[in-house]
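Please keep the sequence and the structure in view while reading.

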Amino acid sequence: MNPTAPALPRLSFDWKDGADFGVGVQHEWLMTNGRGGYASCTVVGCNTRRYHGVFIPTLEKLGRTVLMARLEQTALVEGQHYRLTSEEHADGTSVEDGARHLRHFHLEGLIPVWEFALGKARLRRRFVMVHGEDTVFLQWEHLSGPEVVLHLRPYPVLRPHDGPLLKSVPEAIVTLCGPLVELRNGEDGPRMRMRLYSDGPTPFVSLEETSRPQHLRVEKARGYDFTEVQHSPGYFTATLKPGGMLGFGLTTESASHLEREPAVVFERELLRQQRLLEHAPELARTGVPARLVLAADQFIIDPPRPADAAWARSMGLDARSVIAGYPWFTDWGRDTMISLDGLTLATGRHREAAAILRTFEHYVRDGLIPNYFPDGENDGVYHTADATLWFFHAVDRYLEETGDDSLLRDLFPTLSDIVAHHQKGTRFNIGVDPEDGLLRQGQEGYQLTWMDAKVEGWVVTPRRGKAVEINALWFNALRLMAGWAHRLGQDAGPYQAAAERAQASFNQRFWNEAAGCLFDVVDGEDGRDDALVRPNQVFAISLRHPVLKRERWAQVLDVVRRELVTPVGLRSLAPGSKDYKPKYDGDLRARDAAYHQGTVWGWLIGHYVDATLKVTPDLKAARALLAGLEDHLSHAGIGQISEIFDASEPYHPRGCFAQAWSVAEALRVFSKTNLG
């Protein structure tokens, strides 16, 4: 590592007599490879999700695929056996050794590191996923005590990471190629290559074993199938002498990718992370911002669509996208545009910001950017009314940071076409109402706003009509277009006129005098206005061009503060409302019923801070709003910020344990409220 570069932040945990298994299975680590692939598990080495695994690469046509679910690790020390991993079984029994022998865990930057006490021996383990490759390495270091004989038993599987769990596993085809062991699950399965790195002999023993049915507790809690049977073709064994090292590599790439020493791979990854901090703004190189700079890196990817890379190369450009959340989201348009500021501009990654904007501009159809890209597919799904409007916001933030008129000139025709499509009407009944200049949307069976829960055909919060944040974003886009047209020497008049009309109508139609805040939707399906108190009204103040009259800002924020603000974000619905749900748990239907009916969203804190600073420019008070998210970095997804939280204390984290817009908005406002 470069001793003059910024020090990598650490998050550390110590246990004198071993970790508490019940707590440890609620803490998860994540490694990613910049291609959408990842590896993840609990700190105590027990899989609790179908998404946990040592190796989950993104495979062409298949998407993200669990190829190696577990690597069981057993140590023999002075005749005594010790497990370094844990598991829970379908019959209610468990192996908790991975917690019992664990004495220390920390993230060195993004790299997870464990230390185990195995009798009189002390062993350190660390894990890395190679950036830009479908390759992982583990390394064990003998720290002290007698020699250790280590047995490593891989459990390869082949299933989509969100696909059905396996009840029987086809036996892996094993081929020995010198120091490599090649595995395939069936004749047509992808090839995985494994290698053990040791000073002594490292035999692979072809002794098959089928696991006891594994119990995945999080899947059970989420109402899904929760047992899986896994099959291992054999195991490696090697001896670690005091001071010695042992490495294990696994790849779907060519065999040459395993010809490197694991120690070199770890060193290069740590250097890469140091460079991320070097390129970040100075105030983001230490403390919580530095931790979030590294967390942000895990979401920025090369799109897993070959056509994207080919198109970008043909234009002399880069293609980039953003994973919305781990473990199950792909790249989503809305999440990407909201996250772009915090993930790229607050981290000094301006070139990647431009590449992301160009990538999504390439996919504009009928005036819309994709809502999301399904795993393993090349075409986007377009049912969103707000993602495209957030695109204008993201372009604005990029231009403010860079002054890149070249990109503006390239994007302006598409941006103009988007406005035209919205004015004449486009898919899903998205279009301007000629009576008042406001934007309406809605089609039966579709969820078009960010409050998009749908289960078994039930759209939980349809919000059809004229939604408050959609029109805040529409006005902001029109005002931005007027400014950009003027900047490029074009006619700004039509955009300005449309903006003025929309603003006048907004302030007349959306103000709810009785509640002292804004309606959530006006001109709804039944012709009525929706007076539910939701956080969407914050955007009428927070955006670059606030659509709401200034004299009403403080009154709106008083209502939001009283009803919606929590230590970890904003509730999606005020307590006391008929459909308010204080907890997000149960099966899919129960969870989706709560998803936007009270559940707290971390990303909303960013725009709430923006709005409050416009009314009361108190940086210290604004920074205090982030204390809960700072504490959360040591819980759930270690070093990450969760997607959502329960609406009532203790605000238990839920959903994805690592969410792009949660991290992005936290980092952005941590930087914005820096006290110097």
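## The nonpolar core

The largest nonpolar core has 219 residues, among which Trp140, Phe248, Leu357 and Trp484 touch the most other members. A nonpolar core is a set of buried Ala, Val, Leu, Ile, Met, Phe, Trp, Tyr and Cys residues joined through side-chain atoms within 4.5 Å. Helix H11 (residues 468-487) supplies the largest share of this core, 13 residues. Helices (H or I, at least four residues) and strands (E, at least two) are DSSP runs, numbered from the N terminus.

## Basis of the model

This is a predicted model, in which local features need pLDDT of at least 70 and side-chain atom pairs count only at pLDDT 80 or more, while totals for chains, interfaces and linings use all residues. Residues are numbered from 1 along each chain as its sequence is written, and side-chain values use heavy atoms, with hydrogens and water left out.

## Salt bridges

The count of salt bridges comes to 59, each being a side-chain nitrogen of Lys or Arg within 4 Å of a carboxyl oxygen of Asp or Glu. One of them joins the side chains of Arg334 and Asp452 (3.7 Å, N to O). Arg334 belongs to helix H7 (residues 333-345) and Asp452 to the loop between strand S29 (439-440) and strand S30 (454-455), so this pair ties together parts that are 118 residues apart in sequence. Both Arg334 and Asp452 are buried; buried means under 20% relative accessible area, exposed over 50%, and partly exposed in between (1.4 Å probe, protein chains only).

A salt bridge also links Arg464 and Glu444 (3.7 Å, N to O). Arg464 lies in the loop between strand S31 (458-459) and strand S32 (466-467), and Glu444 in the loop between S29 and S30, so the pair ties together parts that are 20 residues apart in sequence. Arg464 is buried, at 11% relative accessible area, whereas Glu444 is exposed, at 64%. In the salt bridge of Arg440 and Asp433 (3.7 Å, N to O), Arg440 is partly exposed at 37% and Asp433 is buried at 9%. Elsewhere, Glu269, Arg272, Asp297, Asp302, Arg320, Arg349 and Glu352 form a network of salt bridges.

## Cavities

There are four cavities of 30 Å³ or more. On a 1 Å grid over the protein atoms alone, a cavity is a set of points where a 1.4 Å probe fits but cannot get out, and lining residues have an atom within 4 Å of a point. Grid points are joined across faces, edges and corners, and a volume is the space filled by probe spheres set on the points.

The largest cavity has a volume of about 210 Å³. Its lining has 20 residues, of which Cys41, Gly45, Val54, Gln73 and Thr85 lie nearest the centre. Strand S3 (38-42), strand S4 (53-56), strand S6 (63-77) and strand S12 (121-129) each give two or more residues to this lining, and S6 gives the most, with five. The second largest cavity holds about 40 Å³ of space, and its lining includes Leu30, Arg291 and Gln640.

Gly223 lies in the loop between helix H3 (217-221) and strand S21 (227-228), and is partly exposed at 49% relative accessible area. The C-alpha atoms of Gly223 and Gly586 are 6.4 Å apart, although 363 residues separate the two along the chain. Leaving aside its neighbours within four places in sequence, Gly223 is in contact with Gly586, Asp587 and Arg591, where contact means heavy atoms within 4.5 Å.

Note on methods. On a 1 Å grid over the protein atoms alone, a cavity is a set of points where a 1.4 Å probe fits but cannot get out, and a pocket is an open set with protein on both sides within 12 Å along at least five of seven lines; lining residues have an atom within 4 Å of a point.
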